[in-house]
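Keep the sequence and the 3D view side by side as you read.

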Protein chains: 2
Amino acid sequence: MPRVQPRYKAIRSYLEEAIRNREFVADQQIPTEMALAERFGVSRMTANKAIAELVAEGYLVRHQGLGTFVAEVRAESPLLEIRNIADEIRDRRHVHSSELHRLEAVAVDAPTALRLGVREGQQAFHSLIVHRENGIPIQLEERFVRPEIAPDYLQQRFEDKTPSQYLSELYPLSEMEHIVEAILPDTETSKLLEIDTTEPCLRVDRRTWSDQKLVSCARLIHPGSRYRLSSRG
Amino acid sequence: MPRVQPRYKAIRSYLEEAIRNREFVADQQIPTEMALAERFGVSRMTANKAIAELVAEGYLVRHQGLGTFVAEVRAESPLLEIRNIADEIRDRRHVHSSELHRLEAVAVDAPTALRLGVREGQQAFHSLIVHRENGIPIQLEERFVRPEIAPDYLQQRFEDKTPSQYLSELYPLSEMEHIVEAILPDTETSKLLEIDTTEPCLRVDRRTWSDQKLVSCARLIHPGSRYRLSSRG
DNA sequence: TTGTTTTAAATGTATATACAAATATATACA
DNA sequence: TGTATATATTTGTATATACATTTAAAACAA
């Protein structure tokens, strides 16, 4: 009978699973090659192969003499380095502040339902936040989350933790999608961002997944004059 | 005496070099594990390790029973899937056409010099092309190239081959940088793209490198109503 | 000619082994 | 106490080997 799955893949899956489930958290040491080899009844080189793949994909880092550790941030998005607006601002040594304008359960409309993978009219949690850099609005973040994903979403205050941070602590993100367009803001948006309705904006529609599961949809709107996306890779 | 470099790395470097130099071109089979092992006087598993790394990084693909081949497009840019505007349009089963508005040698101004890594006032080749999808302008491509990179640049007609295609045939691209902003077009741009000056546009500044060497700078402007960038990874 | 079977070639997986190199800890010594 | 030194642990590199699996081509049969 042919083996259904190579042995190293079983080990790989076990490690992936454990990282996803936060059994192993960032910077934590995972079992040594020898330990894994013994536990799974394979040779050291087989365990090595499983680990090597995860290292190549950026999930793990290894230090000779020390061990193997869960990677810090998961270098997952060389795509658009929007990551966390709060961190990004702090990296520039500027002050981040935010106002929570809305936080509620809503019945989703048709386009949102499609993006969120639910049926039209179903309930979803909705948040609307303006992020400021040194007091100046630079991002309007509108987000939809499926209730079963984050039941306590509406109880958050999102003051020192952005929705993005909150969700990524619940679900390590494994995939993301970005759609970028240039738009003119509608009246409400221009008011919230304190810009003119003739000022072009970048609109980024971002969806994030954790282990095949859609975590949330966000629409991020940035004034063109105050923001740009960059990537290098 | 300690070995300066692991043996598998020597093999890896050899393969990388050969791919960069177009000794092995896309889809071409590279030497088998056994052949590499013999040539470098190592065991098959050592050759395997070199190949496995390049496969993990997307430079090579392997097919059991067949061999190892240079990867199609180099999955290098999971960042922004702008790739080739002509291919992109054809993938949508639409008609691509383009007009060459300018093709000349110019003395670069200060900001361009900075981006291109030359001194202000030095000569560079400059092209300005409008790309159309089914007759409608969707991209204004302005490009600067250092003369020593592509001495025959000004002799091209860029009819069935875009500058991007032309350059990527000369230099396999190894890295790229994107900066995306939302802008309002100036008068010349709006005229060329046949849009109103109040229509927001995506401006993508893209620089590409081949083996550490800057190949070209391009500024791509898309009407916001007719284009969007997307990425998933 | 057409279809089937065999064979060779190439990668895929797995083991057992060996020694090197880096690191932290324990130990011995001054 | 502080400083070398030895030791154990862990990863890094490398080999030789074995058999499985996939594919294409060659040989064969109808």
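Helices (H or I, at least four residues) and strands (E, at least two) are DSSP runs, numbered from the N terminus. With that in hand, take A50(B), which lies in helix α3 of chain B. This is a predicted model, in which local features need pLDDT of at least 70, side-chain atom pairs count only at pLDDT 80 or more, and totals for chains, interfaces and linings use all residues. Residues are numbered from 1 along each chain as its sequence is written, chains are lettered from A and ligands numbered from 1 in the order in which they are written, and side-chain values use heavy atoms, with hydrogens and water left out.

Stay with A50(B) for a moment. Is A50(B) buried or exposed? Buried means under 20% relative accessible area, exposed over 50%, and partly exposed in between (1.4 Å probe, protein chains only). A50(B) has a relative accessible area of 0%, so it is buried. What does A50(B) touch? Contact means heavy atoms within 4.5 Å. Not counting residues up to four places away in sequence, A50(B) touches Y8(B), I11(B) and R12(B). I11(B) is 39 residues from A50(B) along the chain, yet their C-alpha atoms are separated by 6.1 Å.

Now step back to chain A as a whole. Chain A has seven helices and 10 strands. Of its 233 residues, 46% are buried. Among the contacts in chain A with a separation of 6 or more, 58% join residues 24 or more positions apart. The accessible surface of chain A comes to about 12,000 Å², and 49% of it belongs to carbon and sulfur atoms. Such areas come from the Shrake-Rupley method with a 1.4 Å probe; for residues, only the protein chains shown count as cover.

Next, look inside chain A. S127(A) sits in strand β5, residues 123–133. Its relative accessibility is 0%, so S127(A) counts as buried. Where does its side chain find a polar partner? A polar contact is a pair of N or O atoms within 3.5 Å; within protein, one must be able to donate a hydrogen and the other to accept it, and residues adjacent in sequence count only if both atoms are side-chain atoms. The side chain of S127(A) makes such a contact with the side chain of Y153(A), at 2.8 Å. Neighbours within four places aside, S127(A) is in contact with several residues, including R102(A), E141(A), R143(A) and P163(A).

I221(B) is in strand β8, residues 213–223. I221(B) counts as buried because its relative accessibility is 8%. Leaving aside neighbours within four places in sequence, its contacts include I138(B), L140(B), I183(B), L193(B) and C201(B). V130(B) is 91 residues from I221(B) in sequence and 9.6 Å from it in space, C-alpha to C-alpha.

Turn to the DNA. A residue is near a strand or molecule if one of its heavy atoms lies within 4 Å of it. Which residues are closest to DNA strand D? Of the 26 that surround it, the closest are R44(A), R62(A), R7(B), T46(B) and Q64(B). Sugar and phosphate account for 68% of the atoms of DNA strand D that come within 4 Å of the protein. Another pairing involves a polar backbone atom of R7(B), 2.3 Å from a phosphate oxygen of DNA strand D. T46(B) places a polar side-chain atom 2.4 Å from a phosphate oxygen of DNA strand D. The largest share of this surface, four residues, comes from α3(B).

DNA strand C is also surrounded by 26 residues, the closest being R7(A), T46(A), Q64(A), R44(B) and R62(B). A backbone N or O atom of R7(A) lies 2.3 Å from a phosphate oxygen of DNA strand C. Q64(B) brings a polar side-chain atom to 3.4 Å from a base oxygen of DNA strand C. Here α3(A) supplies the largest share of the surface, four residues.

Finally, the cysteines. The structure holds zero disulfides over all chains, a disulfide being a pair of cysteine sulfur atoms within 2.5 Å. C217(A) is buried, with a relative accessible area of 3%. C217(B) counts as buried too, at 3% relative accessibility.
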